[in-house]
Protein chains: 2
Amino acid sequence: MKNIRLTVWIGMMCGCLAAGMLQAGTRPDNARPAEEDGSRLWLPVMRPAEGAEVEVIYKGKVSPTIAIAIAELKNAWKGEPVLLEKKRTGQGDGFAITSSEHQVRILSSTEAGLLYGVYSLLRMQAAGQVTVPLSVTEQPVYDLRILNHWDNPDGTVERGYAGRSLWNWEELPGTLSPRYEAYARANASVGINGTVLNNVNASPQVLATSSLEKVKALADVFRPYGIKVYLSVNFASPIQLGKLDTADPLDKEVIRWWRRKVKEIYTLIPDFGGFLVKANSEGQPGPCDFGRTHAEGANMLADALKPYGGIVMWRAFVYSPTDSDRAKQAYLEFMPLDGQFHDNVIVQIKNGPIDFQPREPYSPLFTAMKRTPMMVEFQITQEYLGFSNHLAYLVPLWEEFFGEVRPDRLKAAAGVANIGTDVNWCGHHFAQANWYAFGRLAWNPSLTSDRIADEWLRQTFTSQPAFVRPVKEMMLQSREAVVNYMMPLGLHHQFAWGHHYGPEPWCSVPGARPDWLPSYYHKADKEGIGFDRSSKGSDAVSQYPDSLRQIYNDKATCPEIYLLWFHHVPWHHQMKSGRTLWGELCHAYDRGVRQVRGFQEVWDSVEPFVDARRFGEVQSKLKIQMRDAVWWKDACLLYFQTFSGMPVPAGIERPVHELEDMKRFRLEISNYECPESGFNK
Amino acid sequence: MKNIRLTVWIGMMCGCLAAGMLQAGTRPDNARPAEEDGSRLWLPVMRPAEGAEVEVIYKGKVSPTIAIAIAELKNAWKGEPVLLEKKRTGQGDGFAITSSEHQVRILSSTEAGLLYGVYSLLRMQAAGQVTVPLSVTEQPVYDLRILNHWDNPDGTVERGYAGRSLWNWEELPGTLSPRYEAYARANASVGINGTVLNNVNASPQVLATSSLEKVKALADVFRPYGIKVYLSVNFASPIQLGKLDTADPLDKEVIRWWRRKVKEIYTLIPDFGGFLVKANSEGQPGPCDFGRTHAEGANMLADALKPYGGIVMWRAFVYSPTDSDRAKQAYLEFMPLDGQFHDNVIVQIKNGPIDFQPREPYSPLFTAMKRTPMMVEFQITQEYLGFSNHLAYLVPLWEEFFGEVRPDRLKAAAGVANIGTDVNWCGHHFAQANWYAFGRLAWNPSLTSDRIADEWLRQTFTSQPAFVRPVKEMMLQSREAVVNYMMPLGLHHQFAWGHHYGPEPWCSVPGARPDWLPSYYHKADKEGIGFDRSSKGSDAVSQYPDSLRQIYNDKATCPEIYLLWFHHVPWHHQMKSGRTLWGELCHAYDRGVRQVRGFQEVWDSVEPFVDARRFGEVQSKLKIQMRDAVWWKDACLLYFQTFSGMPVPAGIERPVHELEDMKRFRLEISNYECPESGFNK
């Protein structure tokens with residue numbers, strides 16, 4: 001991979017195929033770009049053919065996939081004629097692109113690979129990165145690059161902040177929204193090749209025949225774009241849908257029921273991908289309800305799918321209210337099963353041991369399990385990073401994960417989608433970048449945050465350096481800004497009950513599971529703050545490899561970004577900056593607030609480069625983010641100050657809200673919506 | 001006056017009567033001062049006698065006033081024995097203080113003067129400014145130093161933001177709240193010697209016999225403190241209370257009615273002060289209703305009061321919806337009457353030609369009227385400066401006025417009170433400073449903002465320099481900060497309809513008087529902003545003396561603080577800073593916001609010097625002020641930007657609110673209350 005990147009980037013500095021290309025995005029000097037609603041994403045609009053298109057050569061039967069590849073080139077390619085050639089070159093969906101003076105050649109073993117090659121060529125063109133002679137070979141690091149939709153049959157999307165579910169189950173299979181194909185095209189353009197259509201909190205009804213016919217209709221739309229369909233299944237489906245007495249995975253009737261259901265699915269959808277299962281987690285049924293292990297449950301389903309080439313993605317997101325440290329539980333429950341899973345099972349593990357926090361250390365399962373295929377589950381939707389109100393470019397978070405967990409330990413990557421019926425798909429124009437980036441990163445986890453932001457910006461807005469430079473810098477800072485104004489220094493899960501939007505470190509709900517309350521995680525008291533996971537505390541550190549365990553186990557060596565994750569630290573503890581812990585906490589929150597203020601300034605400064613609609617929409621979102629950042633800072637500092645008893649140091653912007661007002665405030669939203677605004681006294 | 005001030009200040013540098021005195025306010029090093037609720041104002045608490053008090057000598061009959069003077073000394077004076085001596089020295093309530101090794105002498109022609117001398121001595125002591133030998137002589141510049149209460153019979157206070165009216169009319173005259181005497185003491189301590197008890201929008205019922213008996217009860221409490229009582233009267237009282245057909249001031253029955261009523265008053269209250277009249281103004285009845293002039297109306301009342309030594313204060317606050325420029329109308333209506341008022345009439349003129357804005361040029365009547373006794377009406381209550389939520393020390397505003405209008409052109413000073421039933425009297429602890437300062441300035445208009453803030457802080461909080469220095473600086477900046485974040489560069493009256501708290505430059509009320517709408521004053525359009533009062537516009541400039549008219553009339557010479565008051569200025573007009581008008585406007589609003597942020601920082605930094613209660617209450621008010629400052633800035637800049645079409649310059653903090661949200665927002669408060677918070681989306 002490294003070579004490829006080098007080629008492309010060195011190319012940037014040397015020359016380009018056609019001088020005009022770099023200018024592709026240039027606006028006339030005194031005109032604002034034409035209004036855009038964000039619906040085209042990072043892709044060129046598909047326009048009717050004009051007859052003057054570039055020549056595309058393909059020797060063979062033009063399948064639907066090849067037809068798409070040709071159409072994309074004719075729509076947007078501004079260079080020499082292109083030859084598409086299906087030819088064994090590398091494995092699977094890899095491709096090669098070369099060029100001579102009068103022709104560009106794209107080679108791949110598969111039709112999907114040719115399509116990926118086409119999108120790669122067009123991406124280089126849009127980013128002004130086409131260099132002659134072309135010499136690119138690409139191979140996806142993961143064969144499975146899968147979106148997880150948490151969409152419910154009633155059209156709501158759990159933790160969805162971009163409108164309703166894209167899938168209109170009422171209209172399906174008869175009516176096919178044009179957005180289904182647009183969705184497939186966007187995914188294909190970044191290499192995503194699978195989609196789990198429904199929520200992991202799965203309704204058994206998804207497997208009803210009437211439902212499967214709808215799934216088939218979507219699968220038919222997605223197939224030409226190289227995208228397989230998967231379903232989340234409810235482990236109790238045999239009871240609830242099949243009217244059996246049990247869902248015991250060792251029960252013959254149960255096994256038979258699943259086999260029949262799988263056969264039915266493959267009759268409708270011959271290339272069906274498989275199942276995603278959330279079992280014995282947060283109230284979902286699972287094999288443990290019948291005295292069986294996760295492995296027994298997963299294997300039973302895997303065996304049913306095996307004849308058809310299907311797989312099971314079995315989630316390791318389990319924790320019970322009884323154990324002392326939630327962060328340890330997935331490890332405790334899955335490690336004993338290492339080596340017991342059949343070969344078409346992949347254990348799907350969230351990147352961190354808790355739950356998609358703005359910052360977590362990696363889940364120790366990733367380094368501990370040696371004989372189990374694993375995949376990472378990222379969350380593209382910003383459940384814990386300000387929903388679709390906050391600009392938070394997530395690649396630095398994912399990049400951080402891949403810096404701790406070597407990509408080759410994994411077999412696949414999944415991302416919980418942030419897509420809905422909003423005109424701009426993701427609620428926030430910049431949230432599109434996270435969808436884009438997930439695909440790019442699942443293809444090649446060694447791509448940098450900088451590189452992905454750069455190419456996304458050029459395709460989505462403009463290539464003009466005066467725009468790209470500051471806006472990219474803003475994107476690159478944005479996740480750290482969220483960490484700063486929400487939960488710096490290893491703090492985690494200080495979110496408001498239920499919706500996870502605003503801060504509620506004081507949250508107290510009578511009878512609530514303790515591990516669903518912020519105090520479980522911050523453990524603030526007169527002495528200090530933080531969760532002691534050292535060997536003197538919950539000993540979660542022991543789940544990490546020895547070298548890392550030693551680093552994390554000692555306050556003196558533990559990276560400060562994880563300090564309060566692993567340690568309960570005295571308020572007066574001296575930090576590397578020389579400040580006390582309390583002072584450092586204050587500075588971090590303050591830095592977050594100032595960063596967002598900086599984002600506002602950056603965005604306003606690039607107004608001439610952006611169409612009025614998208615400019616205004618992002619500007620409005622940044623205002624919400626700014627107000628929210630202050631809310632977070634005030635809530636956390638004023639609340640934690642009731643324990644530290646220490647003054648907010650000079651130089652820190654003073655709180656503007658009252659703790660008591662913030663405590664009284666309730667944001668009346670569900671798990672399916674994005675608020676228009678945060679704290680209002 | 002100049003000499004006296006010099007004496008005191010030079011004295012500060014030389015030595016002090018007793019070394020311990022400077023330390024009076026010093027707290028033990030590690031203890032927070034004991035909690036205070038603000039009810040003692042700037043005065044020492046009156047404690048029961050302990051028998052070890054200082055010796056006070058007075059040769060003569062100990063009247064109630066002398067008894068108070070003695071009690072105050074015994075309560076608080078820490079120096080040598082004091083001799084009080086009634087002796088002709090200067091005029092009226094002036095006094096002299098001298099000292100020998102073993103005695104302090106206070107001399108005055110009047111008992112009130114002796115009391116003022118006592119308060120002066122105690123003030124010097126509290127401020128650590130007692131120097132030996134003492135040699136102070138003081139003479140009040142104005143004989144009439146009057147508070148105007150806008151209190152209604154139902155207990156509400158128009159533009160009152162500190163609770164309800166202090167006067168409990170239901171309980172009076174039978175029950176006397178201890179706060180009546182505390183009020184009188186506070187006034188006497190700063191030289192205030194008159195109080196108009198009721199609203200200028202006066203109910204005729206105030207002159208009913210039952211009401212006068214209540215007024216008498218208050219007058220009896222106030223008398224020992226040298227304070228006379230006045231009443232606002234409704235010009236139509238003869239009709240509404242006396243059942244006459246007319247209130248024509250030339251009608252004999254009317255004249256007789258008033259004479260009888262005045263006689264009744266003086267029978268109850270022999271030292272009654274007189275009447276304050278708002279006539280033919282904002283719907284109040286007046287002589288013009290009967291074809292008579294203001295002079296004829298005022299003179300008739302004055303003649304009735306004359307035999308008893310009473311006076312009439314006749315307000316010049318008149319404007320009708322028909323004329324083109326409200327700022328010109330008081331002048332147009334009163335100048336023709338110059339010389340026609342009887343000698344016990346004083347025309348009471350608001351400091352500016354519009355209405356107590358954060359900044360106005362002076363009312364041109366002050367320099368134009370040559371043959372009419374005049375007095376200035378200041379507004380202590382912050383109707384247009386953030387109510388009792390904003391810290392706004394008003395002396396710089398009044399000092400600015402006395403820099404433009406020579407104090408000796410006036411005969412008296414009135415201040416609209418900011419006092420109510422709140423425990424701390426004024427709603428905001430720092431609003432007490434404005435009550436204090438009004439008295440001090442009415443006694444001596446050449447006292448500086450700095451001096452008054454200094455002595456108030458030392459008496460009210462502590463003398464420690466680490467407290468006084470930064471907090472005084474904050475006070476001195478505070479009025480300019482309000483101007484900056486509300487209405488800089490001469491903008492005026494951009495307030496929300498009715499309550500005048502927040503911004504509403506877009507305000508549009510169907511059928512409303514145009515001169516009650518902000519657009520009447522800002523006149524923003526595509527070309528520029530501001531009210532053209534130059535000779536090419538309304539020509540209000542011509543009401544000023546020629547030298548000033550020339551300066552104000554020309555954009556190039558008009559002080560920028562008044563620029564948009566006198567001119568409609570193009571958005572691109574180059575300001576002295578080199579910025580465009582638009583840029584300067586943005587910078588001014590931004591400066592205001594940053595100033596308040598600075599106040600928050602200053603206040604937090606002095607936490608150790610202030611008791612927890614007052615510290616917390618002021619801190620909370622500053623939070624509201626901070627949020628309001630941002631609200632004002634966002635509302636005005638985003639609204640005016642719809643005209644200028646120019647971007648907010650770099651370096652200016654970006655707006656965080658949406659114009660449309662602010663336009664939709666209504667603060668549901670009356671004219672009698674202070675909101676707990678400002679803009680909530």
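A salt bridge is a side-chain nitrogen of Lys or Arg within 4 Å of a carboxyl oxygen of Asp or Glu. B:Asp604 forms one with A:Arg654, and their closest N and O atoms lie 3.0 Å apart. The model is predicted: local features need pLDDT of at least 70 and side-chain atom pairs count only at pLDDT 80 or more, while totals for chains, interfaces and linings use all residues. Residues are numbered from 1 along each chain as its sequence is written, and side-chain values use heavy atoms, with hydrogens and water left out.

**The interface of chain B and chain A**

By the salt-bridge rule, 6 salt bridges cross the interface of chain B and chain A. The contact (heavy atoms within 4.5 Å) takes 22 residues from chain B and 22 residues from chain A. The size of an interface is often given as the accessible area lost when the parts come together. Here the two chains bury about 2100 Å² between them, with 43% of it on carbon and sulfur atoms; this buried area is the accessible area (1.4 Å probe) lost on being put together, summed over both parts. In chain B, the residues that lose the most area to chain A are B:Lys623, B:Arg654 and B:Lys681, together 29% of what that side buries.

**The sheet of chain B**

Helices (H or I, at least four residues) and strands (E, at least two) are DSSP runs, numbered from the N terminus. Two strands pair if DSSP finds at least two bridges between them. S3(B), residues 95–99, is joined to S5(B) by 4 bridges, and the two run antiparallel. Within S5(B), B:Val136 stands opposite B:Ile97.

**The barrel of chain A**

In chain A, 8 strands form a closed barrel, S6-S7-S8-S9-S10-S11-S12-S13, with parallel pairing. S7(A) (194–196) and S8(A) (228–233) run parallel and are joined by 3 bridges; A:Val196 has A:Tyr230 as its bridge partner in S8(A).

**Helices lying on strands**

The angles below run from 0 to 180 degrees between N-to-C directions, with axes fitted to C-alpha atoms, for helices over the stretch in contact.

| Helix | Reference strand | Angle |
|---|---|---|
| H8(A), residues 294–305 | S10(A) | about 160° |
| H12(A), residues 432–443 | S6(A) | about 155° |

Notes: Chains lettered and ligands numbered in written order.
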